[in-house]
Every structure is written in C-alpha cells, then in structure tokens.
Amino acid sequence: MNNVKIRVLEERDLPTRVEWMNNPRIYTNMHYSIPVSLHNTISWYRDNINNTNRIDVVFDCNGEIIAMGGLTGIDNTVKKAELYIFVNPNLHRSGIGTKATACLCKYGFDELGLNKIYLKTNSNNISAQRVYEKCGFKIEGVLRADCMTTDGQLIDRVCYGLFRDELNE
C-alpha cells in the first residue's frame, strides 16, 4: 500500500467506475440513481472535464485502481469543497478508505488551497464515520430523516467538517 498514487480521473477509468457504482456495497451509501450506465457516465465525464468547481480522482496502487473520489462544489471564495470517496468493493475493510481520504484532503488543502473540506454520510454508515473521524473530521450536525435507503427507510445524514490544521495524515 505504500505505492498509492492519486491522479485525475480519465475516460479509461470509467468502466471501472460504472462497475463499482452498480455494486450494492457502493450504491447503498451513495445517493444516485441505479443502474449507472457507461454511456451516461461518459457523457457526465465529458460535460465535467473542464468544470473548475470539481476534481474527480483515482487512487492507483501498482497499476490497480483501488479507490475513486473527488472534491465537488469547490468554492474559491470561502475556500471549501465537499468530499466523496468510494473504495473498490473487493477491498473494503483494508484501510484504503482512510488512506485515500487523508490523501485527498491533503491534496485539497495543499494543491487547491482549501481551508475546509466537508461531507455528509448516512447515519448507518458506521465504517465511513470511523474513517472520517480517524482523518480528523468533526461532526457538525445531523440532518434528520434526510434521505431514503434503497428499501424505503428514512434515515439521518451526519454532516462532517475538517479544517486544514485538523487533518490526521
């Protein structure tokens, strides 16, 4: 795991992205419509390739994609952005999520000059909450009954925030 590199998402990564996004271990905790198609993902990618309000990345280890993520809603006035991340479904519980999250936050602070990175996660996504808290994120609030699970249950969303000086690398 020492050879993890972060790079910008490329069109050649999209089949892997679509495969992962259609996996229940991923979409259960993310908020998008399934199934995700390669055609629509390519259109999304091409529409956003020059979007300066977001950056989408891949985490690569010895040529294998192990995670994907990004910073969206980049606000260059307030110097903040929203983080998303998802790990190869076959590599969950391996520590990759923590390493990738810390790496992406460091990138946002050091390369993009952000002051704050924030996110929302489902209240029942305990493993993600552990990852975020290990990286230094603090709970900023709870949005009650804010989203619906795939089986129709309303659940809370936990809001986290991280300032530059709080990052645990």
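Reply: Here are the labels, each set against its definition. This is a predicted model: local features need pLDDT of at least 70, side-chain atom pairs count only at pLDDT 80 or more, and totals for chains, interfaces and linings use all residues. Residues are numbered from 1 along each chain as its sequence is written, and side-chain values use heavy atoms, with hydrogens and water left out.

Me: Why is Gln-129 called buried?

Reply: Buried means under 20% relative accessible area, exposed over 50%, partly exposed in between (1.4 Å probe, protein chains only). Gln-129 has a relative accessible area of 12%, so Gln-129 is buried. Gln-129 is found in helix H5; helices (H or I, at least four residues) and strands (E, at least two) are DSSP runs, numbered from the N terminus.

Me: Which residues does Gln-129 touch?

Reply: Leaving out residues up to four places away in sequence, Gln-129 touches Thr-121, Asn-122, Ser-123, Asn-124, Val-158 and Tyr-160. Contact means heavy atoms within 4.5 Å.

Me: What makes Ile-85 buried?

Reply: Its relative accessible area is 12%, so Ile-85 is buried. Ile-85 is found in strand S4. Not counting residues up to four places away in sequence, Ile-85 touches Met-30, Phe-59, Met-68, Gly-69, Ala-100, Thr-101 and Tyr-132.

Me: How do you know that the span of H4 is close to the expected one?

Reply: The expected span of a helix is 1.5 Å times one less than its number of residues. H4 (residues 96–110) has 15 residues, and 21 Å is expected. From first C-alpha to last, H4 reaches 21 Å. The buried residues of H4 include Ala-100 and Thr-101.

Me: What makes a space a pocket?

Reply: On a 1 Å grid over the protein atoms alone, a pocket is an open set of points where a 1.4 Å probe fits, with protein on both sides within 12 Å along at least five of seven lines. Lining residues have an atom within 4 Å of a point. The largest pocket holds about 1200 Å³ of space. Of its 41 lining residues, the closest to the centre are Asn-29, Met-30, Ile-85, Phe-86 and Tyr-132.

Me: How do the lining residues of the largest pocket divide?

Reply: There are 17 nonpolar, 15 polar and 9 charged. Ala, Val, Leu, Ile, Met, Phe, Trp, Tyr, Cys and Pro count as nonpolar, Asp, Glu, Lys and Arg as charged, and the others, Gly among them, as polar.

Me: Which element gives the most to the lining of the second largest pocket?

Reply: H3 does, with 3 residues. Among the lining residues of the second largest pocket are Trp-44, Tyr-45 and Asn-48.

Methods:
Points joined across faces, edges and corners; volume = space filled by probe spheres on them.
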